[in-house]
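Have the model open as you read along.

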Amino acid sequence: MLPISATAGGLLDPDLPYQVHPLSWRTGSEIMGLDLRSSDQLADATIASLWQLLGERGILLFRGQHLDHDQHLAFTRRFGPLAKTGLLGRHAPPGYPDIFTVTNIKKDGQRSETENAAQQWHSDQSFLPVPARASLLRCVHTPQFGGDTMFANMYQAYEAMSDGLKATLDPLRALHTLFSTRSQRLSGRKAFSSVSPEELERMKGFAHPVIRTHSDTGKKTLYVSEQMVDHFDGWSVEDSAPLLEYLFALSVHPAHTYRHRWQPGDIIFWDNRCTMHYAPIDYDFDGMDSPANHRLMYRSTLA
Ligand SMILES: O=C(O)CCC(=O)C(=O)O
Ligand SMILES: [Fe+2]
């Protein structure tokens, strides 16, 4: 495994067909020199090295990749099987049940259910017993100002805690649910218009360990998020709240984050095991009927 300092500095194997530039000290690397439209041409060793780097750096950025849905899914599948999207394809473009649309563009005059899908920090699908391993978000349209996505490095959140706090959290589990008491209190969380019994079963939630070990890097991470976590298992919501609030704040300390300004053609591949993400509504939300303020992104998700 390459140490962080080596990967951050871009000192990868010179035989690999791409260059690496860090996006920040600890989080994110930009990958240059690959054409993802023909991902079937990439060697297995290239894919394996990208996967390793993703686990270390949390996110990988690829610019200038104007992919269609098939090319997007083909690249994603090089890393493993796809996950079902969070709510069973309800935000899928026609014919692509494995793609999740994130947009503020109205459909049939109705506001988009995903216009504020990421207005709270989260790790994708953490409400499921087996959450999504990683996600790939592709930018098609970005508003004239803003529309950014922020990422938090959960290795850093873990490392920032004292040994006493780490030991206290180690045996705990926390309930992740799409309807956490906190996310309902936070502004902007939209109700889903109609939910099938199968979707309701998926959204019910699951208690995950608060401290997890990343399955590739072997490093520990903090695994709680403001969007999904309701309470510690066996604790009341009230008892849990002060410590959870502390952990939410610690995990998204500015020193642990990277903020991405999107350009059409950008793809960000993020690892849900060691990062969280958040999309501040930092554009003209009231004026979103104007095409200049449209935001359109497509996500594929790894099981
Ligand atoms: O809108 C964004 O930038 C992120 C959306 C999101 O949370 C996701 O696609 O998983
Ligand atoms: Fe997300």
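This is a predicted model: local features need pLDDT of at least 70, side-chain atom pairs count only at pLDDT 80 or more; totals for chains, interfaces and linings use all residues.

## The shell

Residues with a heavy atom within 4 Å count as near; around ligand 1 they include Val-102, Leu-137, Trp-270 and Arg-299. The shell divides into five nonpolar, three polar and three charged residues.

## The iron site

His-122 (NE2), Asp-124 (OD) and His-277 (NE2) coordinate the iron ion (ligand 2) at 2.1 Å. Donors are N, O and S atoms within 2.8 Å of the metal (3.2 Å for Na, K and Ca), and water is not among the atoms, so the site may look incomplete. The donor spacing in sequence is H-x1-D-x152-H. His-122 lies in the loop between β4 (100-103) and β5 (134-141) and His-277 in strand β14 (residues 275-278), so the pair ties together parts 155 residues apart in sequence. Strands are DSSP E runs of at least two residues, numbered from the N terminus.

Are these two histidines buried or exposed? His-122 is buried at 6% relative accessibility, and His-277 is buried at 4%; buried means under 20% relative accessible area (1.4 Å probe, protein chains only).

## Conventions

Residues are numbered from 1 along each chain as its sequence is written, chains are lettered from A and ligands numbered from 1 in the order in which they are written. Local features need pLDDT of at least 70, side-chain atom pairs count only at pLDDT 80 or more, totals for chains, interfaces and linings use all residues, and side-chain values use heavy atoms, leaving out hydrogens and water.

Definitions and conventions:
Helices (H or I, at least four residues) and strands (E, at least two) are DSSP runs, numbered from the N terminus. Buried means under 20% relative accessible area, exposed over 50%, partly exposed in between (1.4 Å probe, protein chains only). Ala, Val, Leu, Ile, Met, Phe, Trp, Tyr, Cys and Pro count as nonpolar, Asp, Glu, Lys and Arg as charged, and the others, Gly among them, as polar.
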